[in-house]
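Hello,

Here is the structure I promised to pass on. Please open it first, then read my notes below.

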Amino acid sequence: MDNSSNFDEVSDPGYQPSPSSLDRNDQSAVETPGYSTMSGDSFMFGRTYSETSAFSDPIDDNSYSSEPSPSHLSVTKSGAQHQAILGRLEMKRQKQVADDKLDDQESARLELEMMKERFSKLLLGEDMSGSGQGVCTAVTISNSVTNLYATVFGQSLRLEPLKPEKKLMWKREMDCLLSICDYIVEFIPKSQILRDGTALEVMESRPRSDIYINLPALRKLDAMLMEVLDSFQDAEFWYAEQGSMSSNSTRSGSFRRVITQRKEEKWWVPVPCVPSNGLSEESRKHLRHKRDCAYQIHKASMAINSSILAEMEIPDTYIASLPKSGRASLGDTIYRNMYTADKFSPGNLLDCLNLASEHEALELADRVEASMYTWRRKACLSHSKSSWNMVKDLMSDNDRTDKNHILAERAETLLFCLKQRYPELSQTSLDTCKIQYNQDVGQAILESYSRVLEGLAFNIVAWIEDVLCEDKSVRSQEQ
């Protein structure tokens with residue numbers, strides 16, 4: 001009977017004996033694969049058990065064993081393994097977040113150190129010895145704007161959007177430098193009426209007149225230049241280095257030899273390339289439109305820069321270096337043409353001179369400008385107001401038939417025509433001297449800002465001209 005009852009219990013398919021109910025000497029039961037914790041069944045069971053299925057059989061309290069069953073053991077180990085994996089993933093995520101925070105903190109620290117260094121150089125006047133022998137604040141700020149432009153745009157030789165990090169650097173640091181203008185103010189009268197009807201005139205502050213007029217215009221021109229560069233995000237043209245093929249030379253199914261002949265003085269400029277059949281009409285119109293926009297920005301920036309330079313005081317060092325005779329500065333040929341002609345024509349004079357290079361044009365501009373101020377100084381010597389700062393007022397009072405006054409006016413006209421004919425002309429010796437010895441911080445900011453925008457606009461116009469010239473060359477070859 002006992003044996004049969006035991007047989008019935010064992011043969012019951014819903015019955016699963018615990019290790020305690022088995023004979024400890026029965027090796028066959030111990031070696032049964034069903035009790036292995038590494039079997040596939042135990043993993044499947046463990047996943048179902050962890051999900052607490054609603055279809056599980058109820059647990060009988062009487063069938064509780066003091067020792068865990070192999071299936072229950074597999075569930076415990078599987079859950080532990082899952083928890084360990086989740087724990088490692090959480091630790092990895094937290095470590096990544098911590099690394100990101102450390103990277104952000106390191107970036108902020110490096111940026112703060114850089115700003116500290118530049119602010120210190122600004123206060124020291126670029127004199128790292130601290131002995132007070134540095135340049136004045138105006139010159140330091142002017143150099144800072146120039147160096148920032150060289151850092152951001154110095155390597156830009158193509159019609160393409162500015163890199164995000166460089167665009168951010170340009171905006172952030174220019175905002176920092178231009179913020180100085182917020183504290184350069186002047187007081188203007190303003191009418192104020194009290195409650196009892198009494199009219200009072202009070203003084204209120206606003207940005208200085210030259211900053212109030214020119215700085216918003218320069219900011220607008222800056223934003224327009226960035227828009228012009230951003231408009232070439234998806235362009236039909238591309239670039240190849242001088243003497244080599246671009247990696248994109250097979251773009252749009254075209255493969256051609258770079259035929260553009262670059263000038264020797266521009267050997268470093270990348271060669272623009274266009275498809276074998278030329279640019280589309282839409283792209284060509286877009287280039288022309290952006291060229292016209294950049295050209296207008298160049299003219300506006302140059303006008304602002306010229307007006308700021310004209311308002312700067314002429315340094316005493318430049319006055320001391322002026323020649324004693326304007327004729328000796330210009331030479332006999334130019335002097336006779338300016339003095340003897342009944343109706344002076346600066347264009348005809350420049351045609352006769354036949355200037356071969358920009359260097360010769362700049363040298364002539366320096367001589368004409370020096371002679372102009374020499375004649376102006378001589379025209380003012382006979383008047384009681386001999387201060388050099390009153391030159392403009394004195395010229396309006398001078399006799400219009402005075403020889404020195406006539407020669408000074410004609411020299412000014414010749415200089416203006418020369419700058420119009422050579423728009424890329426570098427700054428003259430007087431302009432450089434004014435910038436070097438200028439002590440007005442507001443004028444230094446406006447002059448340097450307009451100068452770098454003028455240079456960027458001129459470069460954009462030149463880059464667009466190069467692409468249009470290449471397109472014209474390709475289309476002419478096809479015809």
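About how many helical turns separate Asp 471 and Arg 475 in helix α17? About one, because the two residues are 4 apart in that helix. Before going further, please keep in mind that this is a predicted model.

**Salt bridges**

Arg 475, at 26%, counts as partly exposed. Salt bridges with shared partners join Glu 281, Arg 284, Asp 471 and Arg 475 into one network.

The count for the structure comes to 17 salt bridges. Another of them joins the side chains of Arg 208 and Asp 440, at 3.0 Å from N to O. Arg 208 lies in the loop between β2 (199–207) and α7 (209–230). Asp 440 lies in the loop between α16 (429–437) and α17 (441–478). The pair therefore ties together parts that are 232 residues apart in sequence. Arg 208 is buried, with a relative accessible area of 19%. The cut-off for buried is under 20%. Asp 440 counts as partly exposed, at 23% relative accessibility.

**Aromatic rings**

The structure holds 7 aromatic pairs. One of them is Tyr 335 with Tyr 339, and it is stacked. The ring centres are 5.7 Å apart, with 10° between the planes. Both residues lie in helix α11 (residues 332–340). They are 4 residues apart, about one turn of the helix. Is Tyr 335 buried or exposed? Tyr 335 counts as buried, at 9% relative accessibility. Tyr 339 is partly exposed, with a relative accessible area of 43%.

Tyr 335 has a further partner, Trp 375. That pair is tilted, at 6.3 Å centre to centre and 40° between the planes. It links distant parts of the chain, with Tyr 335 in helix α11 and Trp 375 in helix α13 (residues 358–380), 40 residues apart. Trp 375 counts as buried, at 3% relative accessibility.

Elsewhere, Tyr 149, Phe 153 and Trp 170 form one aromatic cluster.

**Charges over rings**

There are two cases to look at. Arg 206 lies over the face of Tyr 212, 4.5 Å from the ring centre. The charged end of Arg 376 sits over the ring of Tyr 373, at 5.4 Å from its centre.

**A backbone detail and a surface patch**

Look at Asn 354, in the loop between α12 (346–353) and α13. Its phi is near 55°, a positive value in a residue other than glycine. Asn 354 counts as exposed, at 60% relative accessibility.

Last, which residues form a nonpolar patch on the surface? They are Ile 85, Leu 86 and Leu 89. Together they have about 300 Å² of accessible area. Leu 89 is placed in helix α4 (residues 70–124).

Best wishes

Conventions. Residues are numbered from 1 along each chain as its sequence is written. This is a predicted model: local features need pLDDT of at least 70, side-chain atom pairs count only at pLDDT 80 or more; totals for chains, interfaces and linings use all residues. Side-chain values use heavy atoms; hydrogens and water are left out. Patches are made of residues with over 30% relative accessible area and no salt bridge: like charges are joined within 9 Å, nonpolar side chains (Val, Leu, Ile, Met, Phe, Trp, Tyr) within 5 Å. Accessible areas come from the Shrake-Rupley method with a 1.4 Å probe; for residues, only the protein chains shown count as cover. A salt bridge is a side-chain nitrogen of Lys or Arg within 4 Å of a carboxyl oxygen of Asp or Glu. Rings of Phe, Tyr and Trp (its six-membered ring) pair if their centres lie within 6.5 Å; planes under 30 degrees apart count as stacked, over 60 as edge-to-face and the rest as tilted. Buried means under 20% relative accessible area, exposed over 50%, partly exposed in between (1.4 Å probe, protein chains only). A charge sits over a ring if NZ of Lys or CZ of Arg is within 6 Å of the ring centre and within 35 degrees of the ring normal.
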